[in-house]
Amino acid sequence: MSGSGRLNARPPARFSPQRLTQVVALGIAGVALAGALVVSRGLQARAVTRTEAPQAVFFPRAEILRPALLGFTGLAADLTWIRTVQYFGSRIEGQERFPQLYQFVDLATSLDPYFLDAYQYGGLFLTIARQYPNAIAIYRKGIAANPLSWQLPHDLGRLYFLELQDYPQALHWWEVTDRLPGRPHYIPRFLIRLQAKIGHLETALELWQQMYQQSDNEAIREIARREIRNLQQQMRKPQAADPNR
Amino acid sequence: MSRVLTIANMAFTETVRDKILYSILVFALAMIGSSTILVTLSVGGEGRIVKDLGLACITLFGLFIAVFIGINLVSREIERRTIFSLLSKPVRRAEFLVGKFLGLGLTLAVNIGVMAAGLLVLAWVLEDHWTPRILLGVGFTFLELLILTATAILFSTFSTPTLSAIYTLLVFVIGRLSADLMTFAAQFGGASLKATAVGLYYLLPNLSRFNLSGAVVNDLPLDSGTLALTAIYGTLYAAGILSIAIAVFQRRDFR
């Protein structure tokens, strides 16, 4: 205690080597961090002013990618799918085209062939992008990998019915849907209408209403809302003017 | 048996005091929790993203625990020279290794249990219903990690901790790829290459058998017979690797 008392009694040296090193180090830290802040602001300004060039994405084949993923293929499919949604969302807002949309959806569904949502929403995105052959290819790929899921033949039938007005194909895929467990209650009603070649507008309206009710995504709900409004306007017109009847 | 359990208890107490374990656990839980952010970026597949990421985190962070704690279990005792006082007591070397293995196994079980509980709750919050199948996936991941724990202990009986970690991580990579060996064997090479590939396939641990994440997240049917055989395979393989470790450790000279 007496030793520490003696130490405390000694007046502190104002510029001892340790103190000097501490001050210099803190000074350098202050200058370096302030410099980093200035550079960071400069970089941020450059990033904002630079025009975003569309980037082409390289797509490796799933069968080559699979061994490198060490079994984490499901997670890779999820991440690819999130990237697909971002790609679609960013381009639909800018009214741009979707040159790589099919490759995105194809890779996600090849990494996990049981990823139902990727087939369903991927097919829908391709339909919205008016890439009908690609949408059909995705639905067919999904049906081959998941023969017991009613959702994919149902959605393929909807594509044929609403977009391509190919009623025999729509009838065929809804007949397939009708044989699968868990299919929606309205499918037999659609089949009757299609077989009788009547009520196409009512069927279309019901399909869009189902999509509106089932989707949590606001963009998809907005598309459905618009189609419902159009169909309701058409149905208010005199029946004689309706070419589907 | 009581000696084995005492060593297992000691190993468990020692490992749960390791600060690295808590860092790994907190990081793993943060990663599992971060899947809720990823979900907001997606349209569809919300539940499966959480489960996929959660199961991958449990595998990877469980692997880190098995490797980075497993390699030090034996080497630390040798380094601190506490092995002399331990083996001077009526404790066989085999009992020492089995006890260490069980202790780390218990640590893994507790950590994986905490991560699985976090994942189950998160999946329930997102999907509004329980998905107990996650536990099946986690159970088989635990078996996979037991094989890797035995492997880490085996390498640590004759090698340095750094090399043991590298070798064990390589076994994980090879084990996850071994199913592809058969595919490569069928596609390329002559008869001798095919025979070598098939031999390696059966010799190396086929860790892809324990990966049930695809079946769990997509709710695919699972064959109970195959699951039972996989569980037996995992137990036998871990026991085999641990027995080799015991044989090597018996001949180890500590001077």
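**Note on the two-chain model**

1. Read along the sequence, chain A runs α-α-α-α-α-α-α-α-α-α-α-α. That comes to 12 helices and zero strands. Helices (H or I, at least four residues) and strands (E, at least two) are DSSP runs, numbered from the N terminus.

2. This is a predicted model: local features need pLDDT of at least 70, side-chain atom pairs count only at pLDDT 80 or more, and totals for chains, interfaces and linings use all residues. Residues are numbered from 1 along each chain as its sequence is written, while chains are lettered from A and ligands numbered from 1 in the order in which they are written.

3. Chain A has 245 residues, and 28% of them are buried (20 or more other C-beta atoms within 10 Å of the residue's own, C-beta atoms being placed from the backbone).

4. The contact between the chains takes 19 residues from chain A and 22 residues from chain B. Residues are in contact if their C-beta atoms, placed from the backbone, lie within 7 Å. On the chain A side, α4 (73-93) and α6 (116-128) each give two or more residues. α4(A) gives the most, with seven residues.

5. In chain B, the axes of α3 (residues 46-79) and α7 (residues 161-187) come within 9 Å and cross at roughly 145 degrees. Axes are lines fitted to C-alpha atoms, for helices over the stretch in contact, and angles run from 0 to 180 degrees between N-to-C directions.

6. Which residues of α3(B) and α7(B) meet? From α3(B), they include Leu63(B), Phe68(B) and Ile71(B). From α7(B), they include Pro161(B), Leu169(B) and Phe172(B).

How values were computed. Two residues are in contact if their C-beta atoms, placed from the backbone, lie within 7 Å. A residue is buried if 20 or more other C-beta atoms lie within 10 Å of its own, exposed if 12 or fewer, and partly exposed in between; C-beta atoms are placed from the backbone.
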